[in-house]
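Subject: Structure handover

Hi,

Here is the structure I promised to pass on to you. My notes on it follow below, so please have a look whenever you get a moment.

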Amino acid sequence: MNRRDFVKWTTLLGAASTLPGWSRFALAADRPALPIPTLLEPDARSAISLSLQRGQSQFLPGVNTQTWGVNGNLLGPALRVRRGKPLNVTVKNNLDVASTVHWHGLEIPGDIDGGPQGLIAPGQSRSVSLQLDQPAATCWFHPHPHQTSGYQVAMGLAGLVLIEDEGSDALQIPKRWGVDDIPVILQDKRLSDAGQIDYQMDVMTAAIGWFGEHMLTNGAIYPQHGISRGWVRFRLLNGCNARSLHIATSDQRPMYVIASDGGFLSEPVKVSDLPLLMGERFEVLIDCSDGKAFDLVTLPVKQMGMTLAPFDKPLPVLRIQPTLTQSGGSLPDTLVPLPALVSTDNLPTRWLQLMMDPQLDQQGMAALMKRYGHSAMAGMSMDHGGGDMDMAAMPGMSGSGHDGHGGMAGMDMGKVAGSYDFMQGNKINGKAYDMNVPAFDVKQGQYEKWTISGEGDMMLHPFHIHGTQFRILSENGQPVAPHRQGWKDIVRVEGARSEVLVRFSHLADKQHAYMAHCHLLEHEDTGMMLAFTVSA
Ligand SMILES: [Cu+2]
């Protein structure tokens, strides 16, 4: 076998082949192996080709589930790109519906950001050229078509983008992909009795979000992975449509957060547990030098709909099995310096009031309780100050049962529950999303202070802003936790106000406006999103 064949062969086998042969026997036979996304780097012409396509996955033994993937059956490759290097990405849409690819966390101009105006028709391709000028970070890509982002992410379209630069080069942290640098993409899925992805856009999911009873890690249920002894790096992504997670280790060993959404922190932050909102990424280092197996788990969260079994107790999501190989990295004392925050005196300010139509809010909660009972309510009362609700008296609550279809067949686009149009039921500043009407214009390079308010409802709204990495000034009325003080593109809003310091380096015109939205994808799809432009 010549060298080229060998390289190809080991790539096909994946990371498991880089472990010594005997170590694979330490892994349980009855547990799936953690799938490691293929690393994809630009070729000699700086090109990367992606194909959105249909596929099949086996989540449950013996059941083939129809899924969508990027260059494969489910999810996609991890794109490793270098700051300052040109990159040409061609996306071919081999699906039979239009889609887009949004580059979540990348600071790139509005016309290549992949919003709902950037639709790629079935059978068509779209090429974008970009050159990143932002710090090393773990970002991701996912579809962003108008009103169907939740559906397309649920079907399986998403992947990682790893930005590298001199800052990441200089750190002696674990860097061997799949060996001591482990991607962990966490997503829940609802499966029908036939084992198919059971996506619903209805009054309940418009209010609460789409959630499922199966938790997947890189597309496998509670998989296992053999890793090096020593310090191991985990790149965590909450890729759920609507479920917030709360990551911990099964044996209470600490995690050291080294990076948030947009890059490295200035120094590691030790945590015992780590809330992870939809769309968020954190990189953590965990000491695995004792050679003992443990689990990454997600702890119960207090979020409506997300307290149902098996999420009512710590749920293991990944079995970690250390082997005899040694990790190539360690835990540094310091990481990458963060720029000091500028003063917010005299900065332009924006006010973004997130709003849920009370009718949607109440009907959605009533539907949740009707389907799942009180245990789904996360301890919240649904009266919102007005006494107990009589569900039988709720408009649209009778006979609007779950029809059991998978996919688009179950989507009614707002026409159930009487004639109430829940596709416009969520709003910002009183308006549901309109891609043709930007809400405001920001000057390129200008710092601004944005206040995002969730006052008026108690729902969790992880708020995402396109085109920038920002810094959080206060989060949900509280001081910012140390590990959330670095570069972020998502901020928590849950019944109170959050303030962020934003700046946009690139332009976004009216035809390709940026978006700011709730990253609970069904809130986004039903209007909790606004368009804004950036001009010179
Ligand atoms: Cu929301």
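A nonpolar core here means a set of buried Ala, Val, Leu, Ile, Met, Phe, Trp, Tyr and Cys residues joined through C-beta atoms within 7 Å. Buried stands for 20 or more other C-beta atoms within 10 Å of the residue's own, exposed for 12 or fewer, and partly exposed for anything in between, with C-beta atoms placed from the backbone. By that rule the largest nonpolar core holds 136 residues, and Val161, Val184, Val257, Ile258 and Val284 touch the most other members.

Please keep in mind that this is a predicted model: local features need pLDDT of at least 70, side-chain atom pairs count only at pLDDT 80 or more, and totals for chains, interfaces and linings use all residues. Residues are numbered from 1 along each chain as its sequence is written.

First, confidence. The pLDDT (the predictor's confidence in each residue, from 0 to 100) averages 89 for the protein chain, and 88% of the residues score at least 70. Over residues 1-25 it is below 50, and that stretch has 21 contacts in the model beyond near neighbours in sequence. Residues 383-417 also have a pLDDT below 50, with 51 contacts beyond near neighbours in sequence. A contact is a pair of residues whose C-beta atoms, placed from the backbone, lie within 7 Å.

Leaving out residues up to four places away in sequence, Ile258 touches Ile173, Phe264, Leu265, Pro268, Glu283, Val284, Leu285 and Leu335.

Next, the sheets. Helices (H or I, at least four residues) and strands (E, at least two) are DSSP runs numbered from the N terminus, and two strands pair if DSSP finds at least two bridges between them.

β24 pairs with β31 (residues 529-535) in the parallel sense over 4 bridges, where Asp441 is partnered by Thr533 in β31. β26 (residues 461-465) and β28 are antiparallel over 4 bridges, and His464 stands opposite Ile490 in β28. Have a look at β28 (residues 490-493) itself: both of its faces are covered, with Ile490 and Arg492 on one side and Val491 and Val493 on the other, all buried.

Where is Phe422 found? Phe422 is in the loop between α5 (358-372) and β23 (426-428). Phe422 counts as buried because 28 other C-beta atoms lie within 10 Å. Met201 is 221 residues away from Phe422 in sequence, yet their C-alpha atoms are 9.5 Å apart in space.

Val89 sits in strand β5 (residues 86-93) and is buried, since it has 23 C-beta neighbours inside 10 Å. Val89 touches Ile48, Leu50, Ser127 and Val128, not counting residues up to four places away in sequence. From Val89 to Arg126 the separation is 37 residues in sequence and 8.2 Å from C-alpha to C-alpha.

Best wishes

Key. Two residues are in contact if their C-beta atoms, placed from the backbone, lie within 7 Å.
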